[in-house]
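Please read the following briefing alongside the sequence and the coordinates. It is grouped by topic for a computational reader.

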Amino acid sequence: MTNPFNNIYAGKTVLITGHSGFKGSWLTTWLLELGANVVGYSLPDPPTQPSNFTVSGLAEHVTDVRGDIRDYDRVYETVVTYRPEIIFHLAAQPIVLRSVEQPKLTIDTNAGGTVNVLESIRQSAGHGDSVRALVSITTDKVYENQEWLWGYRETDQLGGHDPYSAGKAMAELAIAAYRSTYFPPERYGEGHHVAIASTRAGNVIGGGDFADYRLVPDCMKALMDGRPIGVRNPLSVRPWQHVLEPLSGYLWLGVQLLERGPDFGEAWNFGPLEQKGVPAQALAEKLVDLWGSGSWAHTRPGYAEVETGLLRLSWDKAAHRLNWRPVYSWADALGEITDWFKSFEGGADMHQVTRDHIQQYTARARALNLDWATG
Ligand SMILES: NC(=O)c1ccc[n+]([C@@H]2O[C@H](COP(=O)([O-])OP(=O)(O)OC[C@H]3O[C@@H](n4cnc5c(N)ncnc54)[C@H](O)[C@@H]3O)[C@@H](O)[C@H]2O)c1
């Protein structure tokens, strides 16, 4: 059996910014499984207490750099010291409601932090040229929401009404500007050897997310505490996707950037199977059912509703050019999540549980004949 992702990450030094966060900790676990030397760059404390990062004991397995992504000198120093071949940039302030309270911090972190990563790659190019690929994680919220029923494509207009969405759209513009000015695809292999892609996904759910203001963590924390789940917007429909879905896309895209240079250096959507989405109420009901006890109730938001209506993503491009597709239905995803939190509550070895979930997901992808899983 061939190793996933063409075995390309084995022995490679990979920098993950935001490695202590929800998605970053799953990506760290997966890259360790694939044999990578992981260097992580995050704020001193993980974003939540508890967190997947701490309960999985990941600090022991990585080069654990703590710093602020807004601190250019520290980001640059990390790149030139550890010399990663590829960077997955996830560090961000990711909560829309918090962005409304802290717009400057959010935009400085999400847009300015991305510029610091790009500039570090540009400046380090004269010092040994370690970085060959950047996969920069933005969001589906970068699209100007036109209230369309169909899925947004990578070529649709960028926008953003709230500071989070606008800051991520700014990051996209900075990525495009650095690519066309300093790393143009037509000069790849002559003036430079850096390929840069951005990725857009949203409504990511999974075990180990303990964040506030998010439905699934709210549900799981209430179920573990034996409290009724408070659902603020029961009819709000979202295209939920398990965390391993976009991560498989990021990792496979990274392989293309490393193996095939800049042909894949552009924007990519990664979305769920059920593009029409699932109401929050159905999600809470299913989690109660899977947990085996509990209840939910409609609660008042207590703050102005700032999030826009439903936005669907088209992942046709990833399907055609990467042979990527989602593996889990929303019910499969909730089953995995329930299993993760039941294991956590039962005091299991969470690093092992997370690794087992990655193995099961990979086996399902292999059965579907997806290129990334079959090699
Ligand atoms: N979770 C989702 O549904 C979702 C959806 C779309 C996009 N994203 C994007 O995916 C990425 C990861 O999201 P997440 O849900 O794992 O978030 P998270 O809050 O769990 O993790 C954020 C990570 O970024 C780091 N970070 C935050 N501010 C930083 C700073 N100033 N300097 C250095 N590090 C900093 C944190 O330490 C942490 O490691 C973010 O870029 C987010 O915008 C997430």
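Helices, taken as DSSP runs of H or I with at least four residues, and strands, taken as runs of E with at least two, are numbered from the N terminus. This is a predicted model, in which local features need pLDDT of at least 70 and side-chain atom pairs count only at pLDDT 80 or more, while totals for chains, interfaces and linings use all residues. Residues are numbered from 1 along each chain, as its sequence is written.

**Helix H1**
- The 12 residues of H1 reach 17 Å from the first C-alpha to the last, close to the 16 Å expected at 1.5 Å a residue, the expected span being 1.5 Å times one less than the number of residues.
- Because 11 of its 12 residues are buried, H1 is largely enclosed by the rest of the structure; a residue is buried if 20 or more other C-beta atoms lie within 10 Å of its own, exposed if 12 or fewer, and partly exposed in between, with C-beta atoms placed from the backbone.
- The buried residues of H1 include Phe22, Lys23, Trp26 and Trp30, and H1 is followed by Gly35, whose phi is positive, near 90 degrees.

**Helix H8**
- The end C-alpha atoms of H8 (residues 244–260) are 24 Å apart, which agrees with the 24 Å that its 17 residues should span at 1.5 Å a residue.
- H8 is mostly covered, with 14 of its 17 residues buried, and Gly261, which follows H8, has a positive phi near 65 degrees.

**Thr48**
- Thr48 lies in the loop between strand S2 (37–42) and helix H2 (52–55), and is partly exposed, with 18 other C-beta atoms within 10 Å.
- Thr48 and Arg66 are 18 residues apart in sequence and 16 Å apart in space, C-alpha to C-alpha.
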